[in-house]
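Please read it alongside the sequence and the structure.

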Amino acid sequence: MTNSFITNAVWAPSGKKVHLRLGKAGNSVRLDPAAATAVPDTEDVKGITSTDVELPDGAHCTDASGKLLLPALFDLHTHIEIPGRSKRECIMRAGEAAIHGGVWGMLVLPSPAFCFDNGAALDSFREAVEERSVAEMVPCGCITLGMLGEQQAPYNTLATTRDITILCDGDRAPQNLLLLYRAMQYAVDLDLTFAARADVPALTAHTYVHPGSTAYKLGLHPCPPCAEEIGTETLLRMAEATGAKLHLQLVSTAESVRIIRRAKERGVKVTAEVALHHLLYTHEDIGDYNTVFKTTPPLRDKEDGEALLEGVKDGTIDCIVSAHTPCTPFAKKQDFISAPEGMVALDTLLPTLYTKLVKPGRLSWAELIQACCVKPALIARPWDHEEGASSEVPLLLFDPSAECVVDESTLACGTLNTPLLGETLCGRVTLPL
Amino acid sequence: MKPRKDLLTIESLSDEEIHTILESAVAMKEIFTKSVKKVPALKGKSVLTLFYEPSTRTRSSFEVAAHRLSADVTTFTLSTSSVVKGESVHDTIDTLMSMKMDYIVVRHKNSGIPAVIARHCNASVINAGDGAHAHPSQAFLDAFTIREKYGEVDGKRVVIIGDILHSRVARSTSVILRRLGAQVAYMGPGSLVPPMAHTGIPQLKDWDEIFTWKPDVIYLLRVQNERIESPFFPVADYHQAYGVTEERLRRIDAQDISIMHPGPVNRGVELCDAAMDYRNCLVCNQVENGIAARMSILYHLTPATLS
C-alpha cells in the first residue's frame, strides 16, 4: 500500500468528509452483495478513513476539498458499434467515453459487429478490450444464433467456459415465445439472466413516436404503450413459470413500472432498467423532426418520466442505463423515419445525472449510487459478490463545481448524436479510475 | 415580406403570406378564362416533379400550373420498387441538383422528407404531400375554394370526416382554415380521430351531431386502401357509418351545406353517386382551383439558386 492520500473529499452516499489512501486496493470499494441497498459506509471501506483519524507521518496528501468521492458507475446497456468503423476503434472509443462519464465498466450488448453467439467472438472481443479499452467491458451473450430468433445459441458453453452471465438478442426478445420459454427452462440451472426489451412487434412495426400531440403534428405513426406493457407481462409470466432470472431493458411507460412493482411483490426474479433519456426528455422534445430524439422505445409523456423516476427511487426500477448508441451524423441527418434510433450518453453520463437529476433534487446521491453503481454491477458480474470474492469497484472523484461544454472535442465516443451538444453540464470526473 | 424559399407546411407561413398566396390565386384563375392560358412569370425556370408515391392528380396539377407560368417541367419517376432500400434521399437530390433545378415538387411516404430535401438543396422545395404530415397546396386550394364559394373563410364551419390519424389533408387543411378564422371539427371512426388534447380540434360523434353543429362545409377524406398494409377499418360498412348516403344528402341539401373531397372519390364509399351531382358539390371546383393555387405557390417562392 502506498503512502499517498487524497484528503478532505466528501463521501457522496453519507456526505461525510473522508481521506482516501491511494494504492493497489486502496482506491476501490467492495460492494455488499447481501443487501444491495447497503452502500458501504466509510468504516467498512478499506483505504477510506474518516477525517478524525490522523494521517501517518510523511503521508503524501492531495487536497480534494469540495470534491465528492463515490464508487464509479457501471452501465448495463451499451452498444459500442460505430457504423463504418473498425471493431477495435469502437472498443477504444467506447472505453475512453466511459471513463469521461465516470463509468468503470459496462455491459456490451451483442450487435451485428459484435455477435456474441460463439466462443471465438467472445475471445477476440475480450482480447481487444484487454488491449484497447481503459474501461471494463462485459459482453452479453446471444440467446439465438446471429440474434435471428430461430436457433438457440450454445449458451451452456458460453456460460461455463466464457463466464457469460446475461443473454440478450440485441434490443429485442425472440418473437418465438416457445423458443424463449425453452431457453429459460434450460438456463435455470446455469443461473443465466435473460435481458429483453418488452414489446409486441406486430403492434409497434412502422411506428416512430409516442401517441400524442407530436405524433399528430408530425404525422408519424404512434407506438402504443400497451405493446410494451403486454410484452412486460408476457416476459414476467414466462420468467415466473420457468424460474429464470429476467432483466427488463429500457422500461419506458408508467404502467410498465406498476406491472413490474406487482411482479416484484409476488417474488418474480426480475430486475429492470430505464434509459437516462426516458427520465429527461419527452416526445415534445422531438419538435420539428429532430432525429437526435428518435429512440426505441420512443420518448414518452412527462407522466411516464415521473413514474419511471419514482420507480428508480423505490427500487422497482433497479438501474439507470445510458443506452449508449453511436449513430453517424449522416445517418441522423436523414428524415425521422429513415434515421436510426439512439443517442450516445457514455461520455456525459455522470455529469448529466448530476446536472439534471441530483442537483435539482430529483435524485439523491445514495439513490444514484444504487441505480448506477451497485445494482448494475451486481446484475452483470454476480461472481464479484460471491463469498470470498475479492473484486472491488474503483472509486472516483467528482468535482461538482466544474463546468463542461459538450462539444466535438469533449466527446470521445466517436459520434455526436446527443441532444446535449452545445449544452453546459455541471461536474467533472477528476480522478482517473 | 421576406422572400420564401420553400413551402413545407402551412404552419411555417405568416398570415400575410397566406393572404398573398390566396389573393394571387384569384389573379391566376383569371388567366384560365383567356384564350392563351399562359403567362411568362417563370419563363426559363425549371420545375422538377419528384413523386416517390404514385399520384396522377397532384402531379398533373403542378405540371399544368408550371406550364401556365411558362416554366420547363421535368418529371422524375421513381416507382417504389426502384427506390433501393437504404438508398439515401440525399444522394438522389445530389444527382438532381446537378441538373440545376429551380423548383422541386416532392411527394414521399415518409413524413418530414421534404424538409430534409429543402435543407439539402438550393432549389425551392414544395411539399406535395409527405406521409401523414402535411399537404399545403391542398390546403390552399381548399381555402381558396371555400373563399370563392362564400366570399370569405372567416366564420365558416367545416367538419372533416374520415381517418384523421393518417391524413395529411386533414392536418394541413384544418390549419389553414383555422388561421383564416373558420371553425373546424373532426368526425371519424373510433381512435382514428386523435383526441382534442392532441389536436386542439373538437370531435363530433356522428352524423346527427354534425347536422346539429350546422356546418357550412362537409369535407370527406378519401379512404386510402392502397396506402395501408393492414387495413385500419373494414371498408364494407364505411359508407353506412361515415359516408354521404342518399338520406344524408337530403339533409345536407335541406341545410344548404357544401361538400368537398380531395379526390379521387371512391363512389359508394365516401360519397353516393347522387352526391357527386349535388348542386353544392365543390369537388370539380377544387380540381380547377388546385391549378390556380399551385401557380400562386410557385410564383410566391424564391429559389436560392437565383442569388
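## A charged network in chain A

A:Arg85 is partly exposed, with a relative accessible area of 34% (buried means under 20% relative accessible area, exposed over 50%, and partly exposed in between, with a 1.4 Å probe and protein chains only). A:Glu89, at 22% relative accessibility, also counts as partly exposed, and the side chains of A:Glu89 and A:Arg85 meet in a salt bridge with an N to O distance of 3.1 Å, where a salt bridge is a side-chain nitrogen of Lys or Arg within 4 Å of a carboxyl oxygen of Asp or Glu.

This is a predicted model, in which local features need pLDDT of at least 70 and side-chain atom pairs count only at pLDDT 80 or more, whereas totals for chains, interfaces and linings use all residues. Residues are numbered from 1 along each chain as its sequence is written, chains are lettered from A and ligands numbered from 1 in the order in which they are written, and side-chain values use heavy atoms, with hydrogens and water left out.

## Salt bridges across sequence

Over all chains, the count comes to 31 salt bridges. One of them joins the side chains of A:Glu228 and A:Arg300, at 3.9 Å from N to O. A:Glu228 lies in helix 7 (residues 225–242) of chain A and A:Arg300 in the loop between helix 9 (276–280) and helix 10 (302–314) of chain A, so the pair ties together parts that are 72 residues apart in sequence; helices (H or I, at least four residues) and strands (E, at least two) are DSSP runs, numbered from the N terminus. A:Glu228 is buried at 5% relative accessibility, and A:Arg300 is buried at 3%.

In chain B, the side chains of B:Glu17 and B:Arg4 form a salt bridge of 2.7 Å, N to O. Because B:Glu17 lies in helix 1 of chain B and B:Arg4 in the segment before that helix, this pair ties together parts that are 13 residues apart in sequence. B:Glu17 counts as buried, at 5% relative accessibility. Returning to chain A, salt bridges that share partners join A:Arg85, A:Glu89 and A:Arg93 into one network.

## The two domains of chain B

The domain assignment, which is automatic or taken from a database, divides chain B into domain 1 (15–135 + 288–300) and domain 2 (136–287). The C-alpha centres of these domains lie 25 Å apart, and their contact (heavy atoms within 4.5 Å) takes 30 residues from domain 1 and 29 residues from domain 2. The area buried between them, meaning the accessible area (1.4 Å probe) that two parts lose on being put together, summed over both, is about 2400 Å², of which carbon and sulfur atoms give 57%.

Four salt bridges are found across this domain interface of chain B. B:Arg168 forms a salt bridge with B:Glu53, the closest N and O atoms being 3.3 Å apart.

## Where chain B meets chain A

The contact between the chains takes 22 residues from chain B and 19 residues from chain A. Chain B and chain A bury about 1600 Å² between them, 59% of it on carbon and sulfur atoms, and zero salt bridges are found across their interface. Helix 4 (113–120), helix 6 (168–179) and helix 7 (196–199) of chain B each supply at least two residues of the side of chain B that touches chain A.
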